Amino acid sequence: MPEGRQIIHGREYVYKYISIWNKEKRRSEQKREYTGRMINGEFVPNKQYRLQQELLREQSERKHGQKPTADCKRLFAGAGYLFDKIGEKIGLTQDIKACFPQHYNEILSLAYYLALEPHSPLYRFNKWAITHEHPYGRAIPSQRSSELLSQIIEKPKMDFLKRQAKRRSEIEYLFYDSTSVSSYSEQLKQVKYGKNKDGDSLAQINLALLFGQKSGLPAYYRKLSGHITDVMTIGNLIAGVDYLDIKKVKLVMDRGFYSEKNLNDLMKKHYKFIIGAKVSLKFIQSQFSKDVYDFDRRERYNSDTGLFIKTQTIEWNYKETKARSGDVVNAKRRLYVHIYYNDQHATDDKIRFNKRLDEMEGDICKGNMKYEREKECLKYYEIKNTSARGISFMPKQEVIDKVRRNFGFFVLLSNGVKDPIEAIRIYRAKDMVEKAFNDLKDRLNMRRTSVSSEENLEGKLFIQFLSLIYVSYIKRAMEEAKLFKSKTMQELLDDLDIIEKFQMPGKEAFYGEITEKQRNIYTALGVTPPA
């Protein structure tokens with residue numbers, strides 16, 4: 001392809017000339033395209049030309065296969081090998097390749113890096129890439145990294161989640177929860193002030209996650225505006241689950257997602273659920289108000305759970321509004337109300353509540369009631385302020401007693417699980433989601449958003465989600481093999497990461513020495529060790 005150069009203001013610019021056919025004039029013409037500059041005798045391409053050449057090189061490698069290396073290389077490859085095999089085993093590699101055919105190797109390399117190098121930002125990837133074997137096989141400049149993140153768009157991302165959902169043949173409960181991710185950014189539209197679950201005073205985005213009970217793997221995620229509350233998210237969760245085409249949906253949620261509308265919406269889709277609910281709800285109070293002071297009877301105690309338990313079957317007033325006609329359908333649906341009581345929790349609740357009352361009384365005496373606390377103080381106290389006696393207060397004992405009688409109780413509602421022991425066992429396993437959020441924030445560097453554009457945020461969240469799949473698989477396998485008794489996950493990955501792979505010109509690559517201890521780790525994680 002012809003090349004030309006031009007010196008402007010002492011700088012030497014490089015162009016290429018492309019022959020094009022002018023249909024109107026019916027003749028061949030040349031178009032000049034800027035490709036870069038000459039600096040100190042070397043050609044430095046511009047961003048667009050460099051990306052074009054990288055894309056052409058990748059297409060050539062996919063078409064003709066990777067050429068034998070011309071250099072001698074010695075790379076750390078043991079942990080990367082583990083991730084390769086995990087990806088093949090759960091179909092992650094195949095699904096990423098199908099959904100992102102142009103960029104799957106780069107996406108996988110970034111996901112490997114985040115999972116293997118905890119707390120490390122993406123801009124440090126190149127330093128790691130030089131010494132480690134990974135799917136892309138070379139460095140990704142920061143400009144290219146930003147370009148890649150912006151190309152992770154919604155359709156292929158959702159197609160990947162759908163493909164992964166189809167591979168989960170087991171019928172499992174899906175734990176649903178959300179968390180907040182703080183941000184300093186003023187450019188991201190969904191960064192809003194809301195209830196920050198980490199206690200930060202910053203604006204935030206919210207992240208919702210579905211997590212499989214049996215597989216131990218994340219199944220779905222959604223980014224939400226920072227001011228959206230948990231109870232508002234169920235409608236879009238249902239839409240997302242519908243797109244994933246998951247059969248026989250069974251959801252587990254905490255009480256923050258409870259509302260009459262949400263239960264009706266879940267019943268409308270014939271989803272099975274276990275959901276927490278506030279003890280103060282009228283229909284729940286009616287189930288145990290008569291024996292609330294005599295709940296801890298011996299016949300209700302279960303030694304395995306350490307709880308006093310009572311279950312009632314009620315008829316739920318189901319309501320459905322027809323989309324076309326607007327007619328409201330009323331019906332009765334069966335609902336199990338599982339009530340649990342823990343006397344130790346009751347004592348802890350009482351101590352916390354009395355401490356809170358002490359703080360409120362101190363604020364009242366000092367005249368230091370902030371706006372957000374004033375409503376709470378007025379709920380529990382009659383407050384008077386006179387010029388003669390100053391501020392005085394009297395506890396509203398009936399209100400306080402009404403709150404105290406609920407201490408130690410919690411409730412689960414289910415339309416599918418009749419046995420209260422099974423219901424609490426499934427619900428307690430929901431801490432998988434909390435652990436996954438901790439992995440995202442602490443290990444995968446999601447404590448703060450560190451991007452300034454919507455496109456890059458979407459892309460980075462997706463790569464962090466992929467990393468979470470690898471981390472969750474390893475954690476589950478380590479728990480089943482009881483490996484956590486002797487080492488942490490990072491220690492295990494470090495043990496494998498030191499295994500080297502050697503590449504020489506014209507020769508087949510081979511791994512360095514592998515100890516019996518390292519082979520046992522691979523086997524315990526369900527992976528055949530390298531030959």
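Author: S7 and S8 form a hairpin with five residues between them, and Gly216 in the turn has a positive phi of about 70°. Helices (H or I, at least four residues) and strands (E, at least two) are DSSP runs, numbered from the N terminus. The model is predicted: local features need pLDDT of at least 70, side-chain atom pairs count only at pLDDT 80 or more, and totals for chains, interfaces and linings use all residues. Residues are numbered from 1 along each chain as its sequence is written, and side-chain values use heavy atoms, with hydrogens and water left out.

Reader: In which sense do S7 and S8 pair, and over how many bridges?

Author: The pairing is antiparallel and runs over seven bridges; two strands pair if DSSP finds at least two bridges between them. Within this pairing, Leu207 stands opposite Lys223 of S8.

Reader: Is S7 enclosed or open to solvent, and why?

Author: S7 is largely enclosed by the rest of the structure, because nine of its nine residues are buried. Buried means under 20% relative accessible area, exposed over 50%, and partly exposed in between (1.4 Å probe, protein chains only). Both faces of S7 are covered: one side carries Gln204, Asn206, Ala208, Leu210 and Gly212, and the other Ile205, Leu207, Leu209 and Phe211.

Reader: Where does Gln213 lie, and what is it in contact with?

Author: Gln213 lies in the loop between strand S7 (204-212) and strand S8 (218-225). Gln213 counts as buried because its relative accessibility is 13%. Leaving aside neighbours within four places in sequence, Gln213 is in contact with Glu172, Tyr173, Phe175, Arg425, Ile426, Met432 and Arg476, where contact means heavy atoms within 4.5 Å.

Reader: Turning to Lys310, is it buried or exposed?

Author: Lys310 is buried, with a relative accessible area of 17%. Lys310 belongs to strand S12 (residues 307-321). Not counting residues up to four places away in sequence, Lys310 touches Gln287, Phe288, Asp291, Phe295, Arg300, Val337, His338 and Ile339.

Reader: Now the second largest pocket: how much space lies in it, and which residues lie nearest its centre?

Author: The second largest pocket holds about 930 Å³ of space. Its lining has 27 residues, of which Arg255, Lys278, Val279, Ser280 and Asn406 lie nearest the centre. On a 1 Å grid over the protein atoms alone, a pocket is an open set of points where a 1.4 Å probe fits, with protein on both sides within 12 Å along at least five of seven lines; lining residues have an atom within 4 Å of a point.

Reader: Which element gives the most to that lining, and what is the make-up by class?

Author: S16 gives the most, with four residues. By class, the lining has 12 nonpolar, five polar and 10 charged residues. Here Asp, Glu, Lys and Arg count as charged, Ala, Val, Leu, Ile, Met, Phe, Trp, Tyr, Cys and Pro as nonpolar, and the others, Gly among them, as polar.

Reader: In what order do the strands of the sheet with S5 come?

Author: The order is S5-S17-S18, an open sheet of three strands with antiparallel pairing. Strand S5 (73-76) and strand S18 (510-511) are the edge strands, each pairing on one side only. Four bridges join S5 to strand S17 (residues 500-503), and Lys73 has Gln503 as its bridge partner in S17.

Reader: Finally, how many helices and strands are there in the chain?

Author: The chain has 18 helices and 18 strands, and buried residues make up 46% of its 531 residues.

Technical notes: Grid points are joined across faces, edges and corners, and a volume is the space filled by probe spheres set on the points.
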